[in-house]
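Visitor: Hi! I'm new to this one, could you walk me through it?
Guide: Happy to, here it is.

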Amino acid sequence: MPQISPTEFYALPLRVHTFLADVPLHDVWAVDLPKRRDGVTLCEFLRRGGQDGFDEADAEINRLPPVARALFHLRFFLGRIFRLEDEPKDALAESFGSRLTAEDRARSVVAPGTPEGLFRVVYRFENEQLLEVQNRTVHGAALSALAERADSYRFYFAVYVRPRRWITPFYMAFIDPFRKWIIYPALLKRIRATWDQKF
């Protein structure tokens with residue numbers, strides 16, 4: 001489940017490239033999925049997988065390996081103590097959802113702003129979903145996309161980070177090793193396992 005070059009990601013015909021053109025792409029990951037039939041969409045995968053992206057956060061975290069699960073729980077524990085998860089007062093005005101066009105809203109199969117665990121939906125198209133999180137440390141977005149290829153599918157997971165305060169770059173530098181070596185590989189492994197089970 002590799003971290004891939006942004007070049008491949010930017011070559012995909014995704015709305016997010018223009019939608020978040022001014023927000024730094026932090027990193028992007030991909031996992032290849034076996035092709036057992038044509039025409040599977042991201043929406044179908046999320047629906048059949050019994051989860052809409054990462055909405056059932058507690059259930060999904062509890063399915064992760066022990067080390068990844070412990071890191072999540074530690075982060076949430078510290079978040080409660082230091083109130084890191086609090087949304088800023090200007091969250092609504094600063095939301096990426098304010099960028100949606102009428103066409104974007106018509107295409108989205110989920111209402112913008114719908115809560116999904118730690119996130120809120122910005123949009124969910126047939127093969128592309130953008131979720132958003134705002135708290136005291138970061139204003140971030142998570143993009144999921146599914147691309148059909150000749151002999152497989154490829155699931156993409158991209159992270160965008162817009163600095164919220166002076167602490168943001170230090171916070172991201174601190175958590176990056178855990179994200180890159182434990183958290184995201186475990187999440188993508190879970191994506192592959194769900195795909196194998198449902199398809």
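Visitor: How many bridges pair S3 and S4, and in which sense?
Guide: S3 and S4 pair over 4 bridges, in the antiparallel sense. Strands here are DSSP runs (E, at least two residues), numbered from the N terminus, and two strands pair if DSSP finds at least two bridges between them. This is a predicted model, where local features need pLDDT of at least 70, side-chain atom pairs count only at pLDDT 80 or more, and totals for chains, interfaces and linings use all residues. Residues are numbered from 1 along each chain as its sequence is written, and side-chain values use heavy atoms, with hydrogens and water left out.

Visitor: Which residue stands opposite arginine 124 in S4?
Guide: That is glutamine 129.

Visitor: Is glutamine 129 buried or exposed?
Guide: Glutamine 129 is buried, at 1% relative accessible area (buried is under 20%, exposed over 50%, partly exposed in between, with a 1.4 Å probe and protein chains only).

Visitor: New topic: what is the strand order in the sheet?
Guide: The open sheet has 6 strands in the order S1-S6-S5-S4-S3-S2, with antiparallel pairing. S1 (25-34) and S2 (115-116) are at the edges with a single partner strand each, so one side of each lacks a neighbour in the sheet.

Visitor: And what sits between S2 and S3?
Guide: They form a hairpin with 2 residues between them, and glycine 117 in the turn has a positive phi of about 60 degrees.
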